[in-house]
Amino acid sequence: QVQLVESGGGLVQAGGSLRLSCAASGGSFSINSMAWHRQAPGKERELVAIINSDGSTNYADSVKGRFTVSRDNTKNTVYLQMNSLKPEDTAVYYCNANIYRPGLGYSGPWGQGTQVTVSS
């Protein structure tokens, strides 16, 4: 079973930066898209950024120009560089991947989440 493990969350002051990482592991697989989502208390989970296998990216309007998603295919890892953080970015951040496993087809595992807290 493919597992996603996030790291890099924490507490930062407004205007600061954090870099999140998400590594996929477990057997033989190929990764299509990888994405970051977040969920703030009392709110629905929302898509923050996505990077496709061809390197194309899309971002939520609220993070455009501040966040950058990237991936290292040799490490099966996706990153989220977050700059100019705002208190409203406070949330649990989850990564998600669209994965293909030979003989098993496609699946969309999720990581366990990492807390990002931005103080004003």
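Here is a chat about strands, hairpins, a core and a pocket.

Tutor: Happy to. Keep in mind that this is a predicted model.

Student: Okay. How do I read a sheet, and in what order do the strands of the open sheet come?

Tutor: In general, strands of a sheet pair through backbone hydrogen bonds, and they can run parallel or antiparallel. Here, four strands make an open sheet in the order β1-β3-β8-β7, with antiparallel pairing. At the edges sit β1 (3–7) and β7 (67–72), each of which pairs on one side only. From one strand to the next, the twist averages 15°.

Student: How many bridges join β3 to β8?

Tutor: Six bridges join β3 (residues 18–25) to β8 (residues 77–82), and these two run antiparallel. If you want a spot to look at, find R19: it stands opposite Q81 in β8.

Student: What about hairpins? How many residues lie between β4 and β5?

Tutor: β4 (residues 30–39) and β5 (residues 46–51) pair in the antiparallel sense over five bridges. Their hairpin has six residues between the strands, and G42 in the turn has a positive phi of about 75°. Along this pairing, H37 stands opposite L47 in β5.

Student: And which residue takes a positive phi in the hairpin of β5 and β6?

Tutor: That's G55, with a phi near 90°, in a hairpin that has five residues between the strands. β5 and β6 (residues 57–59) pair in the antiparallel sense over three bridges.

Student: Now the inside. Which residues of the largest nonpolar core touch the most other members?

Tutor: Look for nonpolar side chains that touch one another. This core has 30 residues, and W36, V48, F67, L80, M82 and Y93 touch the most other members. At least two residues each come from β3, β4, β5, β7, β8, β9 (91–101) and β11 (114–119). β9 gives the most, with five residues.

Student: Last one: how much space lies in the largest pocket?

Tutor: The general idea is that rolling a probe the size of a water molecule over the atoms shows where empty space is left. In this model, the largest pocket holds about 170 Å³ of space. It is lined by 13 residues, and R38, A40, K43, E46 and E88 are the closest to its centre.

Student: Which kinds of residue make up that lining?

Tutor: Eight are charged, three are polar and two are nonpolar.

Technical notes: Residues numbered from 1 in each chain as written. Predicted model: local features only at pLDDT ≥ 70, side-chain atom pairs only at ≥ 80, totals over all residues. Heavy atoms only, no water. Pairing = 2+ DSSP bridges. 1 Å grid on protein atoms, 1.4 Å probe; cavity = no way out; pocket = protein on both sides within 12 Å on 5 of 7 lines; lining within 4 Å. Points joined across faces, edges and corners; volume = space filled by probe spheres on them. Nonpolar A, V, L, I, M, F, W, Y, C, P; charged D, E, K, R; others polar. Axes fitted to C-alpha atoms, helices over the stretch in contact; angles between N-to-C directions. Core = buried A, V, L, I, M, F, W, Y, C linked by side-chain atoms within 4.5 Å. Buried < 20%, exposed > 50% of the residue type's maximum accessible area, 1.4 Å probe, protein only.
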